[in-house]
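Thanks, everyone. Please have a look at the sequence and the model on the screen before I start.

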Amino acid sequence: MKTRRAWRVTEREASKREAAESGGARIPGLLAAGAGALRGRLGWAVGSVVVLALGFVGVSLFAGADRPGTPPDTRARAYQDYDACLLTDERGIVTGAPAAPVWEGMQAASLDKRIRVTFVPVMGEKSVENARPFLNGLVQRDCEIVVASGAPQVAAAEAAVEKNPKVRFVTVGEAGGAAHDNLVRVAPGASLKDDIAATVKRLAHED
């Protein structure tokens, strides 16, 4: 026979079980309601973003298919495989140096014919013997045209003309000495820049 105390214990336990069961039942309901809300509002927003992104990608691919290709960079200079190299004294091509107008003329020729132009200063003793290794370096670099400015450089260039018949030599100085098919002498003066530009362009055109 149950006592009143036992009945109270039993009632409390029953109440706890009922609360637990009802609470457990409410949790799935809340989760389901939350998922429904996500599917209703957030899901719609996320889906809209995905659709727009896919649409943008599709339009980009479709538009790209009509383009023949990326146009070349108009700033890039397409040089010929042709090199004109300048041999100068140790002052190089600075303003006021004897080789400065020569270099300007070579640059003008490069803009017109797309020829690569470079220069090398002869450092050290001002002599033909010291200039010769620098000149030989330009020949070994396969410079099609070698331009020489300054007395030692000019003398070294003219001495190498016969040994290098495939190289075009241009020397800056007064006319004189033996003539050669691969040697052009350009006189110094006010028109030196233009004369050098015209000579380099002509020699490049002849090859």
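First, the ground rules. This is a predicted model, so local features need pLDDT of at least 70, side-chain atom pairs count only at pLDDT 80 or more, and totals for chains, interfaces and linings use all residues. Residues are numbered from 1 along each chain as its sequence is written, and side-chain values use heavy atoms, with hydrogens and water left out.

Now the layout. The chain has five helices and five strands. Both are DSSP runs, numbered from the N terminus: helices are H or I with at least four residues, strands are E with at least two. Starting at the N terminus, the order is α-β-α-β-α-β-α-β-β-α.

How much of the chain is buried? Of the 207 residues, 29% are buried. Buried means under 20% relative accessible area, exposed means over 50%, and partly exposed is in between, with a 1.4 Å probe and protein chains only. The accessible surface of the chain is about 13900 Å², and carbon and sulfur atoms hold 59% of that. Those areas come from the Shrake-Rupley method with a 1.4 Å probe; for residues, only the protein chains shown count as cover.

On to contacts. A contact means heavy atoms within 4.5 Å. Take the contacts with a separation of 6 or more: 56% of them are between residues 24 or more positions apart.

Next, strand β1, residues 83-88. Six of its six residues are buried. Both faces are covered. D83, C85 and L87 are on one side, and A84, L86 and T88 are on the other.

Which strands pair with β1? Strand β2, residues 116-121, runs parallel to β1 and is joined to it by six bridges. Strand β3, residues 145-148, also runs parallel to β1, with four bridges. Pairing here requires that DSSP finds at least two bridges between two strands. For specific partners, C85 is bridged to T118 in β2. L87 stands opposite A148 in β3.

D142 sits in the loop between α3 (128-140) and β3. D142 counts as exposed, at 54% relative accessibility. D142 and V167 are 25 residues apart in sequence, and their C-alpha atoms are 8.3 Å apart.

Now helix α5, residues 192-206. A length check: at 1.5 Å a residue, its 15 residues should span 21 Å, and the end C-alpha atoms are 21 Å apart, which agrees. The expected span is 1.5 Å times one less than the number of residues.

Where are the buried residues of α5? They are L192, I196, A197, T199, V200, L203 and A204. Turned away from the buried side of α5 are the exposed residues D194 and H205.

Last topic, salt bridges. The criterion is a side-chain nitrogen of Lys or Arg within 4 Å of a carboxyl oxygen of Asp or Glu. A search of the whole structure finds four.

One of them joins R116 and D83, with the closest N and O atoms 2.8 Å apart. R116 is in strand β2 and D83 in strand β1, so this pair links distant parts of the chain, 33 residues apart. R116 is partly exposed at 28%, while D83 is buried at 17%.

Back to α5 for another. E206 and R168 meet at 3.0 Å, N to O. E206 lies in helix α5 and R168 in strand β4 (residues 168-172), so the pair ties together parts that are 38 residues apart in sequence. E206 is partly exposed at 44% relative accessibility; R168 is buried at 16%.

E206 has a further partner. R202 and E206 form a salt bridge at 3.1 Å, N to O. The two are four residues apart in α5, about one helical turn. R202 is partly exposed, at 39%.

To put those together: R168, R202 and E206 are linked in a network of salt bridges. Happy to take questions.
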